Amino acid sequence: MAATPAAETTAPLLRLIDISKSFPGVHALRGVSLEIHAGEVHVILGQNGAGKSSLIKVLCGAYLADGGAVEHEGRRVAIHGPADANAIGVGVIFQEFSLAPYLDIAQNIFLGRERAFAKAGVIDKVAMHAAARDVLAQLGLHYDTRAFAADLGVAQQQMVEIAKALSQNSRILVMDEPTAAISERESERLFEVIARLKQRGVAIVYISHRMKEVVALGDRITVMRDGAVVASYRRDEVSPDVMVGAMIGRSLAGLKRREPVPAGAPVLTVSNLQTARLADISLEVHAGEVVGLAGLVGSGRTEVVRAIFGADPLRTGTIRLNGADFAQRPDRSTRAGLALLPEDRKREGLALPLAVGENATAAALWRLFRRGWFAPAAADKVCRDLIARLNIATPGPAQIVRNLSGGNQQKVVLGKWLAAGSRLFMLDEPTRGVDIGAKTEIYRLIDDLVQDGAAVLVISSELPELIHLCDRAYVMRDYRIVGHLGRDALSEKAILDLAVQQ
Amino acid sequence: MTTMDTPAPASARSQPLAPGTLAIVVRLGLIACIGVLLSSLSPGFATTDNLLNILRQASLLFLVASGLTLVIIGGGLDLSIGANLTLCACLSAAAIKSTGQPAAGIVVALGCGALVGLTNGVLINRVKIPPFLATFGMLWVAQGIAYWFMAGQVVYGFSPAFRFFGSGFWLGIPLPIWVMLVTGACGVIFLSRTTIGREVYLMGANEAAAVLSGIPVARRRTLLYVVSGLMAGLAALIYVARLNAAEPGIGEPLLLPAIAAVLVGGTSLFGGSGSLVGTLLGAIILTLIVNALNLLNVSASWHPFVTGVIVVVAVLADAAVNRGARR
Amino acid sequence: MKTRHLRRIGLISVVACGLAASPAFAAGEVIAAFTKNQVDPHFEGVRAGVEQMAKKMGATVRQYVPTKPNNITEGMSQLEDVGVTKPNLVLFMPIDPKAQLPTIKRLIESGTPVLNYNDKAGDAPYLAFVGQDDYKLGYDIAKTLFDHLGGKGNVVILEGIKGSNTGDERKRGFDAALKEYPNIKLLASQPANFQRLLGLQVMENLIQQFSDINGVIAAADASALGAAEALKSAGRGNVPVVSINGVPEAVEAVKNGSLLAIAEFNGFKIGCVATEIGLKAIRGEVVPKRVVIPGAVITKANHTEWLVPYQQRTCPAAAEYVGQ
Amino acid sequence: MTDQTVHATTVAPAALLRRIPGVTFILVGMIVLFAVGNPRFLSAVNLTNIGLQASLLLMLALPMTLIILTAGLDLSVGALLGLCGVVIAALLVAGWSLPAAVAAAMLVGLVAGAVNGFLVGYLGLPAFVVTLGTMGLCEGLSLVITNGDPIGGFTPVLEAFYRSTLFAVPTPVLVAATLYGLLSLLLYRTRFGNYVFAIGGNKDALHLAGINANLVHMGVYLLCSLTVALSALLLLGRTNSAHPSVAVGMEFEAIAAVVLGGTSFEKGQGWLFGTVLGVLAISVLRNGLNVLSVEPSLQVVCVGLLLIAALLIDRNRKQASRDIA
């Protein structure tokens, strides 16, 4: 665990040579070569499906590469499984955390390596907790190591993950979109930790969509597309536009703000809403408006839309749709014209083992078949129309949703609500885990919706996205609305000032 | 990016058999194989009487298993069906005995079944007890009430009009088979041609997503348990009519065979997939096997073992097919 | 939250205290009566007999029945628990003699008098055994059928639960009778576990398998009634069925011709006599060690006596059977 | 609260209190009630009875806890218990020595556990389905071996062992207590124990930690089946004979006991000692109802009500604690 001095940046710590991997019908990786240097942050950029995840899985031994070689400090090594990856010091922090909820922090950190603390097979808990505290201290953290992972917040879990990797003497730390689920403030904390790790000579492979982070962190940037490396730069030799261009294969102008539509009558009026956690929520959304709900992760944004939709119980407060009260129950909300695109589409948005058709009509059955009799042909037609309208890449309505890419899955969720004829769309992180192509299409769709007189309430952790989309925004902190920003006042700084307690 | 821009090819229709259809075909094939094998080994097998006999026995099993199938597709489990059947049988038999009206028995059986189902639904929805335990608790409660109500007696001897449900024939086919066909058809229509049926699959596959799609999941689930209870009530009537008696021990031995029929029928316990046709075939296969063992003079001690083998084989085969389909 | 718990616990306590208190106020000896299940009416007959005689003789009865029918371990637990409550008399019938013998021996050693009734429960210092001769019942009823068939024909047997004393002894009786009738052919002998549904389904299958069944012997009424149903719906209602027990339902079936005859295994009488003998024994009287109640063959000619519901019957005096 | 990422999460004593399952209250309530109803309830003889009656269920419920912690289920334990009893008895009657017969039963347990474990651990089939299948197979095999007849007349050593006591404590209780000690050591103090929690909570994590998670998963089922095979000795000692279907149905009671004890079907959340409480609750209820001579049909209802009431309390407490948070 002793700190390693920053290594020579000239000789790579790990070199991937011509790695390829294919699955039936898909070339996930085509001859990927990559150099990873100690003490450097190597950012890998790419759209969804570009092969980043496959690359990580090959690196950590979850996939066995079909071809190519791996060199560790100049020597050929074979990665046949997680154990081999561990042996050469590769540690991965996945988006879906690899913590067991009902093991405590210390047990999680040393999961799989308890032998070091075992005497005659019995684990010396005192020693293990002491060691865990040591590791956390190196990151400047002081957690109670007896806490169950289940009781930790997302950011805290991520820190435990990092501590876990660090405790394995990982020389190469792979982070898969580490800031996707944490607040900006927590991200800063993470960046500090990354800086510390760099100083200690750890090589970091950092995967992200966020150009700002890429620019701020990356020493070396590799862009992938369609399973292959399309470009590799040093940070000082490249601009964001060039990188985005490389990602999508063409140059894209920066996000401009969406043209506003003249706002109509109020569609949604929420006053003094209170739930078990939320307090004093009042907001209004008009027809033809895109309203943002900004704030850090954990500030209560998701809870607000869930409460409006009726997924969580209200304590007090009134919610009116087009001036009328409606029962706060998801089925009533749906029939009243409310739509909720949930944050976690795999868990809450889609029935993954079912077909596109079944999912796309899930919220609209009551509307399409008012008598309660289901007609497969009619449902099929509705679904085909949606596939065409949303440009969903699927062989047909019978395709199982699990087999679609993230962007197309998200479009199915959106399609569900289009079919339901909703008038107020509450979109919780609509572009999370979605590639740029699908992202633009989703933006265009939102624009179409408001043009058409619908109202949209958007939650996003990506500030540029909010600023691009929204006519105005409410900002939340600690389960309260702490501010409202009109179109002119809306800026990243303004949002952050409100969202972060000074 | 290329795939994104091209709209869906229209050839999607001509894909190979969906796993569900395949499973049905395989089961039909299995039944055919056993049939051919048996008719060559035992002359008594391929007679109309024997085939109707098998179907009649299967129909009783199917009635119990059908409600369970719906519950399982919707992502639940109902361990109380056997005890529920017992309770319905005892109460309805007593009602018929005391009023002399078969109609009273029908009302009581269906009412009692629905009530037990409703209680299951409330325990699961409101009290949030996992289905396994809520229905296991109800198993004991229903069984206990049945014991208490019957106080060790048997209610027996019903009018021919009522007994017709269990032992009568229509167009040369025993009435329980008609009941099986009619309820099976209703069930199939319910699952595939009503919006509620479609919602059942959705909530079984992903409950949270179903809730957030505006499907009133709690009410749908309660409905499923009520339907399961109603089926137990209906089965109870057929049993009482068939046996000409109600005793507090008739339902309990039916639980595991019913679960086995559902599983052999290819319905996944994960929810979200399965079919009543499968359960029907499952019930027929299980009945057929026992009939075959009898005709082949195999000792009755072997019946549970062979049934166990069939369940395991069916489950393994489905797992293999699903794995293949997912890849 | 706490008050809610307290209230709930309080409610339960009140109910349970009520339950607990009721037997405690009654006078006289306390009898613990064991039966095997709450399903078979035969045991209801036993319980009714015990209750009636106990009331007559001024004793109180506590019934012990496993919650799951014929569950051996539960039956054993109940025996152990009875050792704690120390009743004045235990009337015991084994679910499984081999399993329960050691426990019952310990119960006797601890000073609780035990009378064995209904089924033989192995060798232990019981006050007495009160029951019937299952072997003879089986033998008698089989003979009745064979004679009815004129000494020739094909029969099937629906056995009881394998391994139960009752079932095995009856089967032995059937077999003994079979040996005496060389022209009676046994087509099949399958277990129907004393159950109605199993009796029905086993019979349905046997009908398919054999087209020439002339008679059916069932080890108990429930399976016989099931078998009779199966025969009737196959249009073979004329095939004679005989059984053992004589619960009112089966006697009615004899009356209307569905069953040919039943060998009387009279739970009510067993309950009465066992209680009388047991109470007399603990009251210091000298009692016979073994009382075997003879079983009649119930036919259409003599069935009326057994049609009476248990509650309306009157206990016979034990003296009627002593010395037989 | 200025720097939330560094802020330590503490394990409050309230958290420990929260772990106590609702069944504890019912258990205490029942004990008070039964003791008031019949003072002999608390006599040494009766406590011995409760211990004896609880010990076999505990032998099944303890390894079942581990299985449920892995988000699994084993419906085959009851039938397997019966089968192992039949195997031991049959071999003893056939003249085998006790150790040899026990070894054969262990082998049966090994095979059953391996089949369950392989199908659940390696192939990822639902445990309910797999173990329902093996349950049928085990029960069927017992029937085939015995042809439905109970087997008796083997060495009295088993019964003597079952009935023996050490310092006035019945041996079966000691055996069950020893098993509890061993399993709690295994679960809370060894790598294997950590992996059990990890499989239920996040099996992929275990896989990525370089552990053969499937093997561990299978190991849990093996452990359970082997324990069951050994428990057959207690069963034989208790019943002094082997019945093919004597223990069928015990699996449901064991599962109920585990869940009463606060172990959840998901996420590897649970507590081994809770299972002891759950088993005690069931045993005390049954014993107490007998001691109070409650009417047999009401006893059946009471078992169901115990389950529902205990889970109701847990539910209310969980909601209450969430409201506070």
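**Note on chains B, C and D of the predicted model**

1. For chain D, UniProt, in an unreviewed entry, places the feature "transmembrane region" at residues 20-38, 50-73, 79-112, 165-188, 209-236 and 297-313; the positions follow the numbering used here, feature names are shortened, and such annotations may be inferred rather than shown by experiment. This is a predicted model, in which local features need pLDDT of at least 70 and side-chain atom pairs count only at pLDDT 80 or more, whereas totals for chains, interfaces and linings use all residues. Residues are numbered from 1 along each chain as its sequence is written, with chains lettered from A and ligands numbered from 1 in the order in which they are written.

2. Two of these spans can be described further. Residues 20-38 of chain D are 79% helix and 0% strand, with end C-alpha atoms 28 Å apart, while residues 165-188 of chain D are 75% helix and 17% strand, with end C-alpha atoms 29 Å apart. Helices (H or I, at least four residues) and strands (E, at least two) are DSSP runs, numbered from the N terminus.

3. In the interface, 40 residues of chain D are in contact with 35 residues of chain C, contact meaning that the C-beta atoms, placed from the backbone, lie within 7 Å. The elements of chain D that give two or more residues to this side are helices H2 (23-37), H3 (44-69), H10 (213-239), H12 (272-291) and H13 (296-324), and H13(D) supplies the largest share, eight residues. By class, the side of chain D that touches chain C has 15 nonpolar, 19 polar and six charged residues; Ala, Val, Leu, Ile, Met, Phe, Trp, Tyr, Cys and Pro count as nonpolar, Asp, Glu, Lys and Arg as charged, and the others, Gly among them, as polar.

4. Chain B has 14 helices and four strands. Of its 327 residues, 62% are buried, that is, they have 20 or more other C-beta atoms within 10 Å of their own, with C-beta atoms placed from the backbone. Among the contacts in chain B with a separation of 6 or more, 79% join residues 24 or more positions apart.

5. Within chain B, the axes of helix H7 (residues 160-167) and helix H11 (residues 217-243) come within 7 Å and cross at roughly 110 degrees; the axes are lines fitted to C-alpha atoms over the stretch in contact, and angles run from 0 to 180 degrees between N-to-C directions. H7(B) and H11(B) are therefore roughly perpendicular, a term that covers 65 to 115 degrees. B:Phe162, B:Arg163, B:Phe165, B:Gly166 and B:Ser167 in H7(B) meet B:Leu237, B:Ile238, B:Ala241 and B:Arg242 in H11(B).

Conventions:
Contact = placed C-beta atoms within 7 Å. Parallel < 35°, antiparallel > 145°, perpendicular 65-115°, else oblique. Buried ≥ 20, exposed ≤ 12 C-beta atoms within 10 Å, placed from the backbone.
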